[in-house]
Amino acid sequence: MKWRKMADHVQGLAQLEILCKQLYETTDTAVRHQAEKALVEFTNSPDCLSKCQLLLERGSSSYSQLLAATCLSKLVSRTSNPLPLEQRIDIRNYVLNYLATRPKLAAFVTQALIQLYARITKLGWFDCQKDDYVFRNVIGDVTRFLQDSVEHCIIGVTILSQLTNEINQADTTHPLTKHRKIASSFRDSSLFDIFTLSCNLLKQASGKNLNLNDESQHGLLMQLLKLSYNCLNYDFIGTSTDESSDDLCTVQIPTSWRSAFLDSSTLQLFFNLYHSIPPSLSPLVLSCLVQIASVRRSLFNNAERAKFLSHLVDGVKRILANPQCLPDPNNYHEFCRLLARLKSNYQLGELVKVENYPEVIRLIANFTVTSLQHWEFAPNSVHYLLSLWQRLAASVPYVKATEPHLLETYTPEVTKAYITSRLESVHVILRDGLEDPLDDAGLVQQQLDQLSTIGRCEYEKTCALLVQLFDQAAQTYQELLQSTNSSAMDITVQEGRLTWLVYIIGAVIGGRVSFASTDEQDAMDGELVCRVLQLMNLTDSRLAQAGNERLELAMLSFFEQFRKIYIGDQVQKSSKLYRRLSEVLGLNDETMVLSVFIGKIITNLKYWGQCEPITSKTLQLLNDLSLGYPSCLSVRKLVKLSAVQFMLNNHTSEHFSFLGVNNQSNLSDMRCRTTFYTALGRLLMVDLGEDEDQFEQFMLPLTAAFEAVAQMLSTNTFNEQEAKRTLVGLVRDLRGIAFAFNAKTSFMMLFDWIYPTYMPILQRAIELWYHDPACTTPVLKLMAELVHNRSQRLQFDVSSPNGILLFRETSKMITTYGNRILTLGEVPKDQVYGVKLKGVSVCFAMLKAVLSGNYVNFGVFRLYGDDALDNALQTFIKLLLSIPHSDLLDYPKLSQSFYSLLEVLTQDHMNFIASLEPHVVMYILSSISEGLTALDTMVCTGCCSSLDHIVTYLFKQLSRSTKKRPAPMATDDRFLHIMQQHPEMIQQMLSTVLNIIIFEDCRNQWSMSRPLLGLILLNEKYFADLRNSIVNSQPPEKQQAMHLCFENLMEGIERNLLTKNRDRFTQNLSVFRREVNDSMKNSTYGVNSNDMMS
């Protein structure tokens, strides 16, 4: 790099150092903000590069060196106006020399400089100078560091570690395809050498008597372990695994690495290190062992795998036999992960053949039992132990090996340890005021899912234990309730124990689905169910005085599992479970059991109406019971129950307190009402038929509520909060009913009930409270549901104007809301979705539903001078222009509703799109262009479809203008004119679509192919240039093959957009993509698709 002389810049240097100090040290926000602003200007200045060298050479503070390193990283990373190759080579060499001559820099400066080296190396991986890949000699770059002092060694190892990490991670500024090409090339050319080097250095280190109290030697060992881990944690095949799916991970080690894993010394090295280094470093060793244990099965043949597994199990046994380091939480966590991998990557049939299996399974069982008993220690690690036993238990029916697996001995011990430890924890948690694990519903559910499989292994023992513990707890609980001097603490402890037992019983009953069940096991389930139902009778009888929320939630979890397994048309009613229920509780058949369900639901809604978690879970249970076709036998049985008839005839706040409107809860807490009325709507439909009187009877409470709101709104002075509350509750109820009524007969009854009588009230609410989303969103969602032609329920008679009238109401609501919401002006960014964009999103969904509902002929509006359609569409445009492009893609619900509406508009209302002002057309095209690269496949597919409709429309207009046809309409002319004025927009979309198809992981190839043909036919010259650019960017020996791919793509394609021609093109494109990918896979050249498409 030709660095400029900088003798005159000393004053500027001092100023920069002051700004750096202010940025990193000051506590004054205003000063920091000013410093940040000035430094941003510095990073964007033309002489930034030269000043960065000056800061590194002469800067007196570490902060100025950090600034220089981060600025240089930005400069080498930029995609527009990149630095020349010579400059980047100079920077790379300068950084290496700088690090070599200054080994004692501040840690964060060293880190930033190594990051800069890694970034330059990654981005220049395919850069050539005189046929030499100048950035690839990474091991050569660090060799001089490794041969010097310990400090230099640490820098060298950190460089390799950071580089491996950098190349492994995709960044958003460069195409994913470029990242994968670099990552694959690095994997094939350098990664194994780096891993081998790290293992050799670790062997040398472990062979010496390291003084690990010496900070630098300790640091070197830590960096070596991090390097080994980064090599083993590399994304070898580009799957970008999600860390949350940790326990399913397989490490896809390349076949060329086989030698390192067939040689047992690699595995032995890490086990030996674990026992010889301090506990602070051993979690890193265990992390490496977790990766090694997860090596793909296909790397070995059967004999090799058995040998490898034997060494692995020996190592695990050695750790279990010497557990001194395991009390450290990080060590313990990683060791639990290692145990889980034993079963996720190896079969039980292979494990039992290992020589020391009986001893190891005993040690693992003891370790698990001890871990479960110490429930307060590292609770997040228990998941891995339970997942190991869950997988072992699930494998039992499939083991063909003759060697004993001994799980019948140890699984009951694990089950018992889990259950008893949870029960024993209750008293300690209450006594010491600790955090209750039952409050973390997700964690409890995950553990119970695992226990459901473990408990089903040797189910007789599980049941006997649960019956014994339950009887003890229930008896003690009953005695405490009957005693006059029992303490509240003792009662709460017993309720806590019973809560755990009810959860666990629900889980093991749910576990029946995983195993082939026998009559004896069904009878055991019956024993457990009887006990829970008896407990329920006891607790329900006390609800008037007191209740326990956690116990009620456990009951609901139990009912949900019971419903899944034993309720429904597919369940054998001769099941031994029903026989046991009949003997003990007199519940002779499914109808009587359903009556228990409904009784519990009504009791909960009566006594727990103000407790949102219980109410919502209870209503979800009711909703699940109501699902199924009206012909579904269990649903028909349900409807015949007197309790269900009671609900259908008495759904008022008098009987169900959560339907009340005078409580102080938030408006948003009324959401559960929609679930309630969805379930009631389904149950009502079973026998409703065409009985309008029954429907009117059912709607009486809602009619009264609407009349009350109408009465309030008709006076000038009314209680606004009460009116809002009543209305929001009402529209949530109606939305539930509208969702459930998906048959024409019942939906028409609802439509005639609400229109025209009550529609003005909804319109008035939007006018009054447009600024309050808690009120408007439920109203808009109800309207969106009413206009949604679900299951063709909106079919009006030939002589009925109702379709047009319904659209008028929709148009009026969208226009009213849209015009008023735009008067709010600028809304703060953190409130913009809730206050504005959520309502706008519902309006877009509503307009899409009505435009695509197929029950309105929209040509009628213009014909008769009705402006309803124009008003709705113009409001859509106004709302759209008030939303920045970034927001359209940042909020998933908004982007889905907008792009699906745009698809309908471009398909059926292209004349309207064509009549828009140029800036609006450009906005819409820009939004399509950005949506094409969206991560959401639905959005991307919608954009392809919209673009296809626009391109087809343009192509037809151009075809007409070249033929002697009648003069086109002025709007058509204008649209063509806009497109001819801005050809770059269509050209950019052509290059984007082609780029995605060739270089990206294209998940919707068919959708992408549809607009591509039209784009090519509209831009034939530009397409030819693009094709030549792509061909010329290939290595010389590949250019002919790439040229042939493009020739084949257009082979047999005519200059029209007829369906037959499009289908031919789509087929050609599939072949084209496959051939191009095959050609590029074997290419050693990097193709920067951004350069190609620019």
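The model is a predicted one, where local features need pLDDT of at least 70, side-chain atom pairs count only at pLDDT 80 or more, and totals for chains, interfaces and linings use all residues. Residues are numbered from 1 along each chain as its sequence is written, and side-chain values use heavy atoms, with hydrogens and water left out.

I then looked up Arg1010, which forms a salt bridge with Asp1063, their closest N and O atoms being 3.1 Å apart. This pair links distant parts of the chain, since Arg1010 sits in helix α47 (residues 1005–1018) and Asp1063 in helix α50 (residues 1059–1081), 53 residues apart; helices are DSSP runs (H or I, at least four residues), numbered from the N terminus along with strands (E, at least two). For exposure I used relative accessible area, with buried under 20%, exposed over 50% and partly exposed in between (1.4 Å probe, protein chains only). Arg1010 is buried at 12%, whereas Asp1063 is partly exposed at 33%.

Next I turned to Asp733, which pairs with Arg673 in a salt bridge whose closest N and O atoms are 2.7 Å apart. Asp733 lies in helix α32 (residues 720–740) and Arg673 in helix α30 (residues 672–688), so the pair ties together parts that are 60 residues apart in sequence. Asp733 counts as buried at 3% relative accessibility, and Arg673 counts as buried at 5%.

Finally I noted the total, which comes to 38 salt bridges by this rule.

Methods
A salt bridge is a side-chain nitrogen of Lys or Arg within 4 Å of a carboxyl oxygen of Asp or Glu.
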